[in-house]
Amino acid sequence: MRITQGSFSFLPDLDDDQIKAQVEYCLNQDWAIGVEYTDDPHPRNTYWEMWCQPMFDLKDPAGVMMELNACRKAFPDSYVKLIAFDSTRGFETVRLSFIVQRPKVEPRFLMSRTEGSGRTVHVTLTTQR
C-alpha cells in the first residue's frame, strides 16, 4: 500500500533533481522550507517530528537539500517530507508539502466499523505492519 499524503501523492516519487526544482520554486515565492519525519503516517498524525528549524531566510536550494539528505541518513526507514510555509499574511500557512522518502515496507491500514445505538456507526483505523 502506498501512503498518499500531500502534493504529488498520486505521482511516482520525485527524484532529487525534481525535489530541487520544487524547492527552487518555493524559495522564489519567498516561502520558508521545513523538513519533517515520522514512522507513523496515520492520516490523523498531522504533527510529524521537525528535523531542523524551518529555513526562513534561505535563498539557495543546496541548503535545503543538505538538510534533507542529513534527515534521510539519520532516519532511513522513516517517512520524510518537505513543507513550504508562506508568511506574507503575518502568520505561517502551509502552501506545499510532499513526501520525499518512504520506508522500504509501508504500513497497511485496516478500517473497522462498529454499529452503535440508532444509526450510529463508529469507524476505527488501525495500522498493520
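Helices of at least four residues and strands of at least two are DSSP runs, numbered from the N terminus. In this predicted model, the chain has 2 helices and 6 strands. Their order along the sequence is α-β-β-α-β-β-β-β.

Along its principal axes, the C-alpha atoms of the chain fill a box of roughly 55 × 35 × 25 Å. The chain has 129 residues, and 37% of them are buried. Among contacts with a separation of 6 or more, 54% are between residues 24 or more positions apart. The accessible surface is about 8600 Å², and carbon and sulfur atoms contribute 50% of it.

The chain carries 15 positive and 18 negative charges, whose mean positions lie 8 Å apart. Side chains of opposite charge can pair when their charged atoms come close. The chain has 4 salt bridges.

One of them joins R72 to D16, with 2.9 Å between the closest N and O atoms. This pair links distant parts of the chain, since R72 is in helix 2 (residues 61-74) and D16 is in helix 1 (residues 16-28), 56 residues apart. R72 counts as buried because its relative accessibility is 15%, under the 20% limit. D16, at 35%, counts as partly exposed.

Another salt bridge joins K59 and D30, at 3.4 Å from N to O. K59 lies in the loop between strand 2 and helix 2, and D30 in the loop between helix 1 and strand 1, 29 residues apart. K59 is exposed at 59% relative accessibility, and D30 is exposed at 51%.

D86 and R95 also form a salt bridge, at 2.9 Å from N to O. D86 is buried, with a relative accessible area of 7%, whereas R95 is partly exposed at 46%.

Key. Residues numbered from 1 in each chain as written. Predicted model: local features only at pLDDT ≥ 70, side-chain atom pairs only at ≥ 80, totals over all residues. Heavy atoms only, no water. Buried < 20%, exposed > 50% of the residue type's maximum accessible area, 1.4 Å probe, protein only. Contact = heavy atoms within 4.5 Å. Areas by Shrake-Rupley, 256 points an atom, 1.4 Å probe, with all protein chains shown as cover. Lys, Arg positive; Asp, Glu negative; His and termini not counted. Charge placed at Lys NZ, Arg CZ, Asp CG, Glu CD. Salt bridge = Lys/Arg side-chain N within 4 Å of Asp/Glu carboxyl O.
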